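User: I am new to reading protein structures and would like to learn how to describe one step by step. Could you show me the model and begin with an idea that I will need for a single residue?

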Amino acid sequence: MTSVTESRPPSERDRLRIGPVALALPAAAWMLAFFAAPLVVFLVYSFLTAKLYDVSGPLTLEAYRDAVTTEVNRTLAVNSLVVGVCVAAATVAIGLPIAYWLRFAAGRWQVLVLFLITATFFASYLVRIYAWRSILGENGLLNSGLERLGILDEPLGFLLYNRFSVSVALVHIFLPYVVLVLYAGFRPISPALVEAAQDLGANAFARWRRVVLPLIAAPAATSFVLVFVLAAADYVTPQFLGGTDGALLGVRIQAALTGSGNWPLGAALSFLMLAAFLSCYALTVILLRALRLHRIRFVS
Amino acid sequence: MSTTQRSPVTFAVTMLALLFLYLPLVVVVLFSFHATGALSFPFTGFSFRWYRDTFGSPTFSSALQNSAIVATSVAILTLVLGTMAAFGLSRCRPRLRAPLAALFFLPITLPGLFVGIALLVYFARLDVQLSLTTVMIAHFVFVFPYFMLVAMAALDRLDPALEEAASDLGASPWKVFRKVTLPQIWPILAGATALAFALSFDEFIITFFVIGPDSTLPMFIFSKLRRTVDPSINVVSTVLMATTLFLWAVAFVFALRAERGRTRRAGGVLGEATP
Amino acid sequence: MTHPPFSTPFTRVELLRRSGLVVLTVGAAPTLLAACGGGDEAAAPEASGTIDYLSWEGYDIPDPMTDWKTANAVDVQSTYIGNHDEIQAKIKAGGGSYDLITYYQGYKPLYSELGILTTIDTDKIPNIENLFPVFKEADSRNLWIDEDGNWTGVPWTWGSIGITWDDAELPGGLDSWYDLLDPKFKGKVGVINDPLGAFTLTAHILGKDPSALPKAEYAEIEDFLTKMVGQAKSVAPSFGDMTTQLIAGDIVACYQGWAYQNSLAAGAGNDNVKTKTPTEGAFSFCDLYAVPSTSDNVDTVHAWINEALVPERNAAIAEYLVAAVTVEESAALINADTKALYPYDDLELGDSTGDRLAKLFELAPFYGMPPSESDEYITFSEMSEKWEEIKQSA
């Protein structure tokens, strides 16, 4: 604080200092009670013994052992990993050009297009799921359209009920989110930089590789990991679009809780998944730090 | 300020992306007006019958009402507690900042599945009956970090010199807040509140686990999805999309106002400052 | 009276008064007793308030019960499930004050063990007399009747599983469950995420008893089910969703179909969905209304159940659900289409409708479910676990 503050009477100074904590207290209490505490309780449950739709007794690693040794869980975990990575990669790969265009080439259209893209973020999660069913199905929009145009004789059966359809729907869900994050990442970058590179003779590829990507690495990496985490843990999309091929671990976790009533197993699977996610976050931070890409600031 | 370039490739990608994003949604809205019960092409004719059916359905009305009630409560709570918390977080001791920030922002990084399931188990343990109240509690946890992100961004952009000047002139902290800080940040807070309402209104992933016998609009859509689907589900989706789209527009407009206001004010204060 | 009667001077007035009181009391006794509820008369209680319902969509029979609800000012708040296990999961996870649930008879042992069921007060449901005799016998197949003769559920509808198919794509349908395994149906068969149903049906087809299946014999079931799930592209999360897939043309026939799907499809504008029982038969399911331990409006629920057993009402319900009647007189009241679903009039099965249904239940039985703990037989949890594996490996 400046000298102005220090010259005030002590009682006022103290009031300023206690203030912030008191202000943050209600929200902090709520989050402690309804976010932190439940997670702790849930963690404890992962060490309890499962009884039919109930838990009991001694602390044990049974649930974890069960979770790790069952082959089904391993298959689903791999599925989740693959789908998560694909979805994250696709959204970032598509999001980068969009954010670039918005920041550097959109001009007057920036606000409108940004609004339009991010508005789809609110287009109800569930709606999209069955909307994609009616597009990708054998009698859906895509197939009937292509048949009508004479390009196909038989409908394409591989568009729906597999990892592909799950991934398409998840990309549809997370793309607006990524565009927003990347756009915010692009904001502080001056267009003069890119122009300078252009003037110095760099082609589009070189401009991207040497100027844009390093600047955007941190937000891109963060959104990649975020989308990966959220996509891998999805439990509704696979049920309606995934078929037998595109099942994800989240469905199993949800079934353990609301179906077979095996809470310790659900908890164990959840925390194993959580540990995997935390490692991904940590890895990203470490990688960014190592490549010295985590703190690039430019004045615009 | 920004010079625009020509970049055909990124332009093409953006346009294709817009098509990709809007195609399913347009199909949904289109079929809400379908004359028959089919949800596949060809489109045979326009009719409002599904709208009539849906709006006449008592389960729909009660779900809509419940969603509105929950979203309003969540929005108000988030606004009040969130604004306080944002101030608290930005002005507290550096040592407290990291743990508080973790507590406030962690929910965004966790999938809704975990938050929902943990709450389900927690409420069961505490013998709390699932109801709209538990839904509201859960929604707050989910929505709060988003509000905080926006609010913190707004507070970061505040010019501390203005507040200090006001204090030095003898104004109490509350008066400083009311007369100096609030006028600068209220548009962004209003936008963030609209965002909070929209997020709560549309929430499904966590709600699925903590809801009791009363339904919300997304839960209503889900139960329709589990039933054999007819265009009434498109109607409900259209209503949901229209509402949240409107709110997002409101939030967007407020955010823009805040941007322009700040630029204006930065020039104005320098000229207006008089003892 | 302080003095012995004969030593006290009675006036004529007093005598009259006393005898009058006695007469009054004696005459009032039956009325008083009845008012105390301890009489022989069984009567449905007054209905009022809200019924919090938890079960399948459709089983809250909104249309057939509309006038009763209006007349009694009863409001039904419904929570719908996608599969049966959600009922016990929701109730055990602190799921609020549900007043009315249904359960498939096989679930009775599990639900009793979980403490979900309460004894039904049959005095409050006089219409229980209207049921077919086969539903009232306290034999082992009628799981809703305890060894002590206590009822934990009331049968109000039943049906049999069959093959549900799209008649426009597959005219006439299929005659055998094994037809679904034909390579030409690869990717075109509907399967639903119902572990117990899939298990019970497969056990029946292979001639085994699902409630007592030796662990070693499970391999056959697993084999059959793996092949069947391999014929499917997706395991539907609900019957409604499976019907949606049928209408959309993603599948042509369903393993473990249900006649209610015909009605669901018709509701969405498609009249081509039909259901029939193949030659190997299937299993029957009896759905029972039950009062869970969480109920706080017990009387109204009893009144509801009683009303569902009124002959005209039971007939209307069967037509609404595309299902069967449990009330004897209702068999004559249902329309031709509903009657055609089940062999009420098939003389080969028996002399009376009651006999015929009893015979039907021998051919398409009400099965129990696997035990929750056993060294010899496959258990409920083992069966559920294996179902997850089958879904993944297929």
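Analyst: Let us begin with burial: a residue is called buried if 20 or more other C-beta atoms lie within 10 Å of its own, exposed if 12 or fewer do, and partly exposed in between, with the C-beta atoms placed from the backbone. The model is predicted, so local features need pLDDT of at least 70 and side-chain atom pairs count only at pLDDT 80 or more, whereas totals for chains, interfaces and linings use all residues. Residues are numbered from 1 along each chain as its sequence is written, and chains are lettered from A and ligands numbered from 1 in the order in which they are written.

User: Is T14(B) buried or exposed, and why?

Analyst: T14(B) counts as buried because it has 24 C-beta neighbours inside 10 Å. This residue is found in helix 1 of chain B, where helices (H or I, at least four residues) and strands (E, at least two) are DSSP runs numbered from the N terminus.

User: Which residues does T14(B) touch?

Analyst: Two residues are in contact if their C-beta atoms, placed from the backbone, lie within 7 Å. Leaving out residues up to four places away in sequence, T14(B) touches P97(A), I98(A), W101(A) and V113(A). For another kind of distance, take T14(B) and F252(B), which are 238 residues apart in sequence and 20 Å apart in space, C-alpha to C-alpha.

User: How many residues of chain B are in contact with chain A?

Analyst: In this contact, 68 residues of chain B meet 69 residues of chain A. Helix 1 (residues 8-31) of chain B gives the most to the side of chain B that touches chain A, with 13 residues. To describe such a side by class, we count Ala, Val, Leu, Ile, Met, Phe, Trp, Tyr, Cys and Pro as nonpolar, Asp, Glu, Lys and Arg as charged, and the others, Gly among them, as polar. The side of chain B that touches chain A then has 49 nonpolar, 13 polar and 6 charged residues.

User: What does the contact between chain C and chain A take from each chain?

Analyst: That contact takes 26 residues from chain C and 20 residues from chain A. Helix 14 of chain C gives the most to the side of chain C that touches chain A, with 6 residues, and the residues of this side divide into 8 nonpolar, 9 polar and 9 charged.

User: How should I describe chain B as a whole?

Analyst: One can start with its elements, and chain B has 11 helices and 0 strands. Its C-alpha trace spans about 70 × 60 × 35 Å along its principal axes, and buried residues make up 46% of its 275 residues. Among contacts in chain B between residues at least 6 apart in sequence, 78% join residues at least 24 apart. Helix 10 (residues 217-226) of chain B is largely enclosed by the rest of the structure, because 10 of its 10 residues are buried.

User: What is the secondary structure of chain C, and into which domains is chain C divided?

Analyst: Chain C comes to 14 helices and 9 strands, and buried residues make up 50% of its 394 residues. Domain bounds come from an automatic or database domain assignment, and here chain C is divided into domain 1 (49-152 + 285-352) and domain 2 (161-283 + 369-393). The C-alpha centres of these two domains of chain C lie 24 Å apart, and 14 residues of domain 1 are in contact with 14 residues of domain 2.

User: Which residues have the most contacts inside the largest nonpolar core?

Analyst: A nonpolar core is a set of buried Ala, Val, Leu, Ile, Met, Phe, Trp, Tyr and Cys residues joined through C-beta atoms within 7 Å. The largest one here has 297 residues, and those with the most contacts inside it are F174(A), V227(A), A231(A), I117(B), L119(B), L120(B) and V210(B). Helix 4 (residues 71-105) of chain A gives the most to this core, with 14 residues. Not counting residues up to four places away in sequence, A231(A) touches V83(A), G84(A), V87(A), A88(A), L170(A) and F174(A).
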